[in-house]
Every structure is written in C-alpha cells, then in structure tokens.
Amino acid sequence: AYKLAEAVSARGSEIQFSILNETMLERVAGRARAAGMRGELRRSARLSALWRETRETVLNTDIYNLDRKQHVVGLVTKLRAGMQP
C-alpha cells in the first residue's frame, strides 16, 4: 500500500491518482453487483455501502486537498478489510 501510495501521490501523478480511485470504485461496484446476481443480498448491500463510503472519501480527498499518500494507504486498508467474504 505504501509503495502504491508513493507512486500515485508524487508531483505530476494526478492522472494515476485518479485512475487508482476509479479502479478501486469499479472493483467494489463489480463485487457488489456480482454478489447481488448470486442472490447474496446482505453481502451486496454491505459492498454497496462500502462503495458509497469509498466514493465519499475520494471526493473529500479531492475537495479538501487532503494528503494523497494517507488517502491511498487508508483506502487500500479499508477495501481489503471490507471486501472479505
């Protein structure tokens, strides 16, 4: 997580940072959708809530110009824990 954070938070890495955030959101959405398709409604709802929280975190980091390294490390940690079966 720390190496990834350093790679996407360096000066001039705005595009990489944006791609990382979008990719993370897409992965959570995809897992929520797949769980719903399998009839795992509680898991799907939990992952949907995780997607909303993640999106809010991404938006707040951008709006308030928060530390990108800290954002990435926190995001990776949160998603790793939240996407467990």
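Which way does H2 pass H3, in a left-handed or a right-handed crossing? I opened my notebook with that one, and found that the crossing of H2 with H3 is left-handed. For the record, left-handed means that the near helix is turned anticlockwise from the far one by less than a right angle, and right-handed means clockwise.

**Entry 1: ground rules.** I am working with a predicted model, where local features need pLDDT of at least 70 and side-chain atom pairs count only at pLDDT 80 or more, while totals for chains, interfaces and linings use all residues. Residues are numbered from 1 along each chain as its sequence is written, and side-chain values use heavy atoms, with hydrogens and water left out.

**Entry 2: the chain overall.** I looked up the secondary structure and found 4 helices and 0 strands, in the order α-α-α-α along the sequence. Helices here are DSSP runs of H or I with at least four residues, strands are E runs of at least two, and both are numbered from the N terminus. The C-alpha trace spans about 45 × 25 × 20 Å along its principal axes. I noted that 31% of the 85 residues count as buried, meaning under 20% relative accessible area with a 1.4 Å probe, protein chains only. The chain exposes about 6000 Å², and carbon and sulfur atoms supply 54% of that area (Shrake-Rupley method, 1.4 Å probe).

**Entry 3: back to H2 and H3.** I checked H2 (residues 14–37) against H3 (residues 41–63): their axes come within 7 Å and cross at roughly 165°. That makes the two helices roughly antiparallel, a label for angles over 145 degrees. The axes are lines fitted to C-alpha atoms over the stretch in contact, with angles from 0 to 180 degrees between N-to-C directions. Among the residues that meet are Phe17, Leu25 and Arg31 from H2, and Leu47, Trp51 and Arg55 from H3; contact means heavy atoms within 4.5 Å. By class, I have 11 nonpolar, 6 polar and 3 charged residues in this contact. Nonpolar covers Ala, Val, Leu, Ile, Met, Phe, Trp, Tyr, Cys and Pro, charged covers Asp, Glu, Lys and Arg, and polar covers the others, Gly among them.

**Entry 4: H1 and H4.** Next I took H1 (residues 2–9) and H4 (residues 68–82), whose axes come within 8 Å and cross at roughly 140°. The pair is therefore oblique, and the crossing is right-handed. Tyr2, Leu4, Ala5, Glu6, Val8 and Ser9 in H1 meet Arg68, Lys69, Val72, Val73 and Val76 in H4. I sorted these residues into 7 nonpolar, 1 polar and 3 charged.

Technical notes:
Angles under 35 degrees count as roughly parallel, over 145 as roughly antiparallel, 65 to 115 as roughly perpendicular and the rest as oblique. Buried means under 20% relative accessible area, exposed over 50%, partly exposed in between (1.4 Å probe, protein chains only).
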